[in-house]
Amino acid sequence: MVLFEILFFVYVIILMGNSIIVITRVDQALQTPMYFFQCNISYLEICYVSVTLPITLWIQKRNIVCMTQMSFVLMLGNRECLLLTALAYDHYVAICDPLRYPLAENHKVCVQLVAVRWVTGVPAEIGQACQIFSLHFCRCTQINHFFCDVPPILKLACGGTFLNGMLVFTVAVLFVMISFWLILGSYSEIISTF
């Protein structure tokens, strides 16, 4: 019960901290592309926390819930990288090409950028979760971890899991590094304009 109360308190604080979604809907002056992307990042954070904190106390012996949680954690982690890349592109266009900004970053383009970021890679993450849970588990199926993550699940599997671990690691590095280099390129261009 104490753990539940602590997690519930943390969850409520995080929800209140991401109230930018409500604030930008109410104030017309804040309905710009930058705040649109930040609202999506706040919504992503709410989803990410909702997938990890409330379910954590419930998943101990439920494989389907664990697989679902892992799929969502993988998807939302990758979405965060991609949304930060879209936000960096927005900053790049606003600073480096301000005259073209209203045309390049209109509402339709912003919605398309976010929609592509939310859909990109979903089959890959679901495929990874299915691949991991198709392994044979010979040990206790109760994980000793805060939430259902890839390394603790791979530790429970019988046989060689090196290839599965490397595949998950490769996809994660691919998403992170592509986003990192695009963000770095955007901010390098911004810095070079000064």
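## Val176 and the model

Val176 has its place in helix α9; helices here are DSSP runs of H or I with at least four residues, strands are runs of E with at least two, and both are numbered from the N terminus. At 38% relative accessibility, Val176 counts as partly exposed, where buried means under 20% relative accessible area, exposed means over 50% and partly exposed lies in between (1.4 Å probe, protein chains only). Val176 and Val122 are 54 residues apart in sequence, and their C-alpha atoms are 15 Å apart in space.

A word on the ground rules: this is a predicted model, in which local features need pLDDT of at least 70 and side-chain atom pairs count only at pLDDT 80 or more, while totals for chains, interfaces and linings use all residues. Residues are numbered from 1 along each chain as its sequence is written, and side-chain values use heavy atoms, with hydrogens and water left out.

Phe36 touches His107, Cys110, Val111 and Val114, leaving aside residues up to four places away in sequence; a contact means heavy atoms within 4.5 Å.

## One side of α7

Helix α7 (residues 122-133) has 12 residues and reaches 17 Å from its first C-alpha to its last, close to the 16 Å expected at 1.5 Å a residue; that expected span is 1.5 Å times one less than the number of residues. Its buried residues are Glu125, Gln128, Ala129, Ile132 and Phe133. They lie on the same side of α7, because they cover an arc of only 125 degrees around the axis, taken from the directions from the helix axis to the C-beta atoms.

## Cysteines without a partner

How many disulfides does the structure hold? There are zero, with a disulfide taken as a pair of cysteine sulfur atoms within 2.5 Å. The sulfur of Cys39 is 12 Å from the closest cysteine sulfur, in Cys110, so it is too far for a bond. Cys47 is in no disulfide either, as the nearest cysteine sulfur, that of Cys39, is 13 Å away. Cys39 counts as buried, at 11% relative accessibility.

A search of the whole structure finds three aromatic pairs. Rings of Phe, Tyr and Trp (its six-membered ring) pair if their centres lie within 6.5 Å, and planes under 30 degrees apart count as stacked, over 60 as edge-to-face and the rest as tilted. One of the pairs is Tyr89 and Tyr92, with centres 6.4 Å apart and planes at 35 degrees, so this pair is tilted. These two tyrosines are three residues apart in helix α4, separated by about one helical turn. Tyr89, at 33% relative accessibility, is partly exposed, and so is Tyr92, at 28%. Phe180 and Trp181 have ring centres 5.3 Å apart and planes at 70 degrees, which means an edge-to-face pair. Phe180 is partly exposed at 42%, whereas Trp181 is exposed at 52%.

Ser186 is found in helix α9 (residues 162-192). Not counting residues up to four places away in sequence, Ser186 touches Ala88, Tyr89 and Tyr92. At 11% relative accessibility, Ser186 counts as buried.
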